[in-house]
Amino acid sequence: MKRFIPLVALLFLQSIWLFAQEKEAPIPDPVVFTSSHQGSFHGKNIAYKAVSGETHLKNESGEPVATLWSTAYIKDEADPSKRPVLFIFNGGPGSASVWLHMGVFGPKVVQVDSDAKQDDGAAPFAVKNNELCLLDIADLVFVDPIGTGYSRVIGKGKEEDFWGLTEDARSIAQFMRTWISQNQRWPSPKYIIGESFGTTRAAAVTAALEGGGQAMAVNGLVLISQALDYQGSTSVHDNIASYFTYLPTMAATAWYHERAGQGKSLAAFVEEVRQFAYNEYLPALYKGNQLPQTEKEKIAERLAYFLGLEKSYILLSDNRILTGRFKKELLRAEGKTIGTLDGRYLGTEGDQTADRPTLGDPSNYGIDAAYTAALNDYLSRELKIKSDRPYLTSNGKIGGKWNWRPVPQGAYWEPSYVNVARSLGESMRRNKDLKVMVANGYYDLITPFLDAEYTFARHDIPMERIQMQYYEGGHMMYNHRPDFEKLVKDIREFLGK
């Protein structure tokens, strides 16, 4: 017994020492890489610096709990205080800013097939100077949310503190305030550009910036492939809104593949199906089986005309076509499957009897290798970034752990579709200068353009400050070169430049 007590004491003291060592281990200072560059943008020679690195996010006690990675491009200017700043991020949740960075807004962009005919294949991939980069009129800050890119939790931080709709918005708002303060840019006009879930985030961040004891007013939002109300972008049975919102996009895709609307312009055909959707299809959907058989037949005929599918198939589907089935059925005879992010893309699958695609999204795997390789090479070769950690262009773990609930855990809450549209409307009414541009791709089979129209029309949003723009591309319309140019032109006009 006498020999046992000292051993216990020794083990106890050792555990305290180890705990103290772990607790007191210092968190390294943020790593930042700065480099100087020259570029020609919109016919102007611009000297600028690239600042790529970490910003510590802190808890209420002032302790670093996460390190957020961003890449900023700042024009060399004596007094940049009145120069616009664009904060740019992608979506997911779980996506880094690689797509907007290397796809349209960065000083260099990767080239993929503009006509969506060719898969990106394997390296090498073409990267070129982006003469349409907006650096001549604004500074650019590309943001990688926690868990993406090089961003990660540190110290006492936990993933659940950042992986949620509200938590994510708070962290991005904290980063924006920190960046603005560190760079003395409070007088600068501030804009947010988001894509897909990044538009959900944009609305949530705008609201988050209004509070926290440090109110920051945003001048404008550019919502690329908006996703503010998920009801209209969730194609599942019993969700009547989705049959309605997806119909014009499926029709436009059928038009593109020459299965419907031939002899008509895309705009004319889209307007025709839009009117049918509102005036005939939606009432029929709500009537359901109360609709007489003769009326069901008429609706089926019209759907066959718009979608390029057999009337018999449409009747078997009870006049309700899910997008997954449409993507497999439209070109089944040719053995082709249609892309989700961009209906122009086609894939060839082994299983020709499935009711929906089985290999994945050809408009995703047709470009992802090019973007990933281009970004990694650019960071290391051009920006001289050295890291022993991989840059995660996407993080599949995040989606399954994401907290979509906008209320505290444990509070009573009925499951419903995510919706930040009304919050955006409220932010716009509190900020008379907040304006919004919405970029819609005709062939976007994940966030359909009619959903954007439907969403903005019914959430008490000041429509006089909304600009709707349309493009003959998909979710990432900038992969189509004419849309790349139009998108940049539209944003410049939106910024008043």
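**Exercises on a helix pair and a pocket**

**Exercise 1.** Describe how helix α6 (residues 266-287) and helix α7 (residues 293-307) are arranged, given that their axes come within 11 Å and cross at roughly 155 degrees.

*Solution.* The model is predicted, and local features need pLDDT of at least 70, side-chain atom pairs count only at pLDDT 80 or more, while totals for chains, interfaces and linings use all residues. Residues are numbered from 1 along each chain as its sequence is written, and side-chain values use heavy atoms, with hydrogens and water left out.

Step 1: the helices are DSSP runs of H or I with at least four residues, numbered from the N terminus, and their axes are lines fitted to C-alpha atoms over the stretch in contact, with angles running from 0 to 180 degrees between N-to-C directions.

Step 2: the crossing angle makes α6 roughly antiparallel to α7, a term for angles over 145 degrees.

Step 3: on the side of α6, the contact (heavy atoms within 4.5 Å) is made by F269, E272, V273, F276, E280, Y281 and A284, and on the side of α7 by I299, R302, L303, Y305 and F306.

**Exercise 2.** State which classes of residue make up the contact of α6 with α7.

*Solution.* Step 1: Ala, Val, Leu, Ile, Met, Phe, Trp, Tyr, Cys and Pro count as nonpolar, Asp, Glu, Lys and Arg as charged, and the others, Gly among them, as polar.

Step 2: the residues of this contact divide into 9 nonpolar, no polar and 3 charged.

**Exercise 3.** Compare this with the residue classes in the lining of the second largest pocket.

*Solution.* The lining of the second largest pocket has 4 nonpolar, 4 polar and 6 charged residues, and helix α3 (residues 165-182) gives the most to that lining, with 6 residues. A pocket is an open set of points on a 1 Å grid over the protein atoms alone, where a 1.4 Å probe fits, with protein on both sides within 12 Å along at least five of seven lines, and lining residues have an atom within 4 Å of a point. Among the 14 lining residues, K58, N59, D161, R170 and Q174 lie nearest the centre of the second largest pocket.

Methods
Helix = DSSP H or I, 4+ residues; strand = E, 2+ residues; numbered from the N terminus. Parallel < 35°, antiparallel > 145°, perpendicular 65-115°, else oblique.
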